[in-house]
Amino acid sequence: MAKTAFTVDFNKWPEEDEIKTHNRWHPDIPMVESFKPGDEFRVECYDWTGGQIKNDDNANDVRDVDLTKVHYLSGPFAVDGAEPGDLLVVDLLDIGYLPDSAWGFTGIFSKENGGGFLTEHYPEARKACWDFHGIYTSSRHIPGVRWPGIIHPGLIGCLPDRNLLETANSREADLLGTDPHRVPPLLAPPYADTALMGQMSGAKADSAAAEAWRTVPPREHGGNCDIKNLSRGSRIYFPVYVNGGGLSMGDIHWSQGDGEITFCGAIEMAGWIDIGVDLIKGGVEKYAVTNPIFMPSRVEPQFSEYLVFEGISVDEHTGEQYYLDAHVAYRRACLNAVEYMKKFGYDGEQAYMILGTAPVEGRISGIVDIPNACCTVAVPTEIFEFDIRPTADGPTVQVPKSHVAKTSPEHQFTGS
């Protein structure tokens, strides 16, 4: 087994750990350890909320989660000889859950605290918990489904340099200025009060926190890409911006559908990642790399049959025609899938969470046939414990009446 280079204590809040994680990106966050090209090591990670979400039947914790203190990242790690302009080669050798933490969760965020892809349709906070059975998962909140994990880090990347930090802060400030009071917000600007800056402390940490990136979006350095196919067995090539690279990771997902549409839409979990590192000197220029590139794993779950739902760029509320808008088209495809699954006994929140968590395939199928973009969402039929395919007899209710965890006072779990 690879050497464990970073441990976390799940009995403490991240802020109380001796070796602290970081929940912001900044070029001056100190490295916690250095490795040589060719080294392998293990990294333990908190779940993305740092333990704010509990394994119970009440969604108050999802409703009230503090989104300014999430994405507690393990690292940063340096690789000897890494310099700006190099490519850091990262092998995700294996990923798993810890013996005392064999569960995960999925949340629908309330519209007032984060929202999600279908927040206009599902504006209330909800939660589903999942149990892990070897390579499989199932949920007491969403009956009738079971599938193997496609485990991956939702967030992994290298430290930015000062130029990239300032460039991104400037362009994001411009966007925020177009509608600063939007609900949900356009983006998460720097916020120092809840910043955890790794091993940096005192006035230097306070100064850096005031300009440090929040971890919500992906950027040129990697970050919160939430790519389900970036799973164990994958190889990633990250552009290096600072000496040593500064590789950090966290936000492990047991499984996720393309788009992670409920925002907290994957099956979120704490766990560990085994990492291998190497370098391609001068690789950024050699391969014309701007954003990370990667090679997917050879050991992903395989499904032989999908039910595919189409959507086009016409607003479901107003009937307004949009010009080649893939965001609207993908939303319509997801809504079509939700309405179909409701015919088999799921409520809307359960169907929404299945799309967020199961390894569904999202596609931009057509982006040139004016005026409609065409997007599809492909749902593997084998994840259901019943036949969900269309037949001449029509659909019948296949799952017992139940619902995902709600907020108080109606939080009692009423599943069978």
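## Basis of the model

Because the model is predicted, local features need pLDDT of at least 70 and side-chain atom pairs count only at pLDDT 80 or more, while totals for chains, interfaces and linings use all residues. Residues are numbered from 1 along each chain as its sequence is written, and side-chain values use heavy atoms, with hydrogens and water left out.

## Helix 2

Helix 2 covers residues 162-176 and has 15 residues; helices (H or I, at least four residues) and strands (E, at least two) are DSSP runs, numbered from the N terminus. From first to last C-alpha it reaches 21 Å, close to the 21 Å expected at 1.5 Å a residue, where the expected span is 1.5 Å times one less than the number of residues.

The buried residues of helix 2 are L164, L165, A168, N169 and E172. Buried means under 20% relative accessible area, exposed over 50%, and partly exposed in between (1.4 Å probe, protein chains only). The buried residues of helix 2 pack against strand 11 (218-219), contact being heavy atoms within 4.5 Å. The face turned away from the buried side carries the exposed residues N163 and D174.

## Salt bridges

A search of the whole structure finds 23 salt bridges, each being a side-chain nitrogen of Lys or Arg within 4 Å of a carboxyl oxygen of Asp or Glu. One of them joins E172 and R219, with the closest N and O atoms 2.9 Å apart. E172 lies in helix 2 and R219 in strand 11, so the pair ties together parts that are 47 residues apart in sequence. Both E172 and R219 are buried.

The side chains of E83 and K281 also meet in a salt bridge (2.9 Å, N to O). E83 is partly exposed at 42% relative accessibility, and K281 is partly exposed at 38%.

Helix 5 has 17 residues, and its buried residues pack against strand 18 (306-312), helix 6, strand 19 and strand 20 (374-380). G345 is found in the loop between helix 5 (326-342) and helix 6 (348-357). With a relative accessible area of 24%, G345 is partly exposed. The C-alpha atoms of G345 and P400 are separated by 7.1 Å, although these residues are 55 residues apart along the chain.

I364 lies in strand 19 (residues 361-366). At 57% relative accessibility, I364 counts as exposed. Together with I367 and V368, I364 makes a nonpolar surface patch of about 300 Å². Patches are made of residues with over 30% relative accessible area and no salt bridge, with like charges joined within 9 Å and nonpolar side chains (Val, Leu, Ile, Met, Phe, Trp, Tyr) within 5 Å. Accessible areas come from the Shrake-Rupley method with a 1.4 Å probe; for residues, only the protein chains shown count as cover.
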